[in-house]
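Subject: Structure for your review

Dear colleague,

Please find the structure below, handed over for your use.

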Amino acid sequence: MPYADLVLEGGGVKGIAFVGAIEVLQERGYEFRRVAGTSAGAIVGTLVAAGYSAGELVSIMRSVDYRKFQDGDFMDRFAFGKALGLLFEQGIYDGNYLEEWLNEHLAQRGKRTFADFEYNDDERPLPPDKQYSLVVMASDISHGRLSRLPWQYDRYGRDRGTQQVADAVRASMSIPFFYTPVQWNTTGGEKSWLVDGGLLSNFPIDVFDAPGGTEPRWPTLGIKLSAKPDAAQGNVNKITNTISMGKAILNTLTGFYDRIHLDDPGVVARTIFVDTGKIKATDFDLSPADQDMLYKNGRAAATKFLDGTDTRPPWNFSKYIATYRT
């Protein structure tokens, strides 16, 4: 059975496309040792690391009412209430439903804290702060830095093992202006505001890479919910108000970083690119037809990655090592 580490990009409601791609990988025998993700990638990645099969994930993701992720009080349904949320809570929606939903599914696997995701490699022991099978990305905008959780809980004076996984995922999916930021104190008593990890690392493909000069024993495979950079340059962010301006800023930040990151052919070679059409990360009124399209496109993308196409050879780990890690 081939092993792999798995990295999932942020993508909001488009996350069901991950499930289609993961299903193909599992059908081909892949077993995931460690999983990392940002935002929607953190949500799906957490369920994968908790032991859910792709078949189970298909059922879970198809049953989600994405509109419930727009949670808040009655006033949040109206423009005035949204404005108040932005003014006083720095976000329109609370994000509490996500935590409750994720905790419920984790409980079904007997998992809750990062202690339930402990992992170590007997052949290549990991440092204590990295002995976990799940890593979630959040952006600490107070200090302008990426927080890889649970690796960097020490910044906030928190014991890694006792922290609830859903809390970390809640921080990772806090899209600026949409969700109220998560606030934690640092060890020095300073307040830190954490938002969507995509601001600083929407596609952390290198998070599990072996140090330079060390040959990896299995690959880190990435799944990206967008086309390659040269196919996305024509996208336009329509701006009509403060909310759409915030979305445009977020799209520009993450998109620009990813285009630079994907100039590396070694990254492209181990990445499954899923065409998600015109669906945006915040399209909470996702129709069943759109969900089906995303799922099928995920399956198709993973199949093309593994089997190759007229323009791309089949995935071959040995060839990858010889080309990019020698």
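Of the contacts in the chain (heavy atoms within 4.5 Å) between residues at least 6 apart in sequence, 74% join residues at least 24 apart. This is a predicted model, in which local features need pLDDT of at least 70 and side-chain atom pairs count only at pLDDT 80 or more, while totals for chains, interfaces and linings use all residues. Residues are numbered from 1 along each chain as its sequence is written, and side-chain values use heavy atoms, with hydrogens and water left out.

The chain has 12 helices and 10 strands; these are DSSP runs numbered from the N terminus, helices being H or I of at least four residues and strands E of at least two. Of its 326 residues, 52% are buried, that is, under 20% relative accessible area, with exposed meaning over 50% and partly exposed in between (1.4 Å probe, protein chains only).

Helix α11 covers residues 288-307. Its 20 residues reach 28 Å from the first C-alpha to the last, close to the 28 Å expected at 1.5 Å a residue, where the expected span is 1.5 Å times one less than the number of residues. The buried residues of α11 are Gln291, Leu294, Tyr295, Gly298, Ala301, Ala302, Phe305 and Leu306. Seen down the axis of α11, these fall within an arc of 125°, so they line one face of the helix; the arc is that of the directions from the helix axis to the C-beta atoms. Their cover includes α1 (16-27), α3 (54-63), β9 (220-224) and β10 (271-273). On the other side of α11, Ala289 and Lys304 are exposed. Gly308, with a positive phi near 85°, follows α11.

Two backbone features deserve mention. Most residues other than glycine have a negative phi, and most peptide bonds are trans. Ser39, in the loop between β2 (31-38) and α2 (40-49), has a positive phi of about 55° although it is not a glycine. Ser39 is buried, at 4% relative accessibility. The peptide bond from Leu149 to Pro150 is cis, with omega near 15°, and Pro150 is found in the loop between β5 (145-149) and α6 (165-172).

Within strand β5 lies Leu146, which is buried at a relative accessible area of 13%. Leu146 and Gly197 are 51 residues apart in sequence and 7.1 Å apart in space, C-alpha to C-alpha.

Yours sincerely
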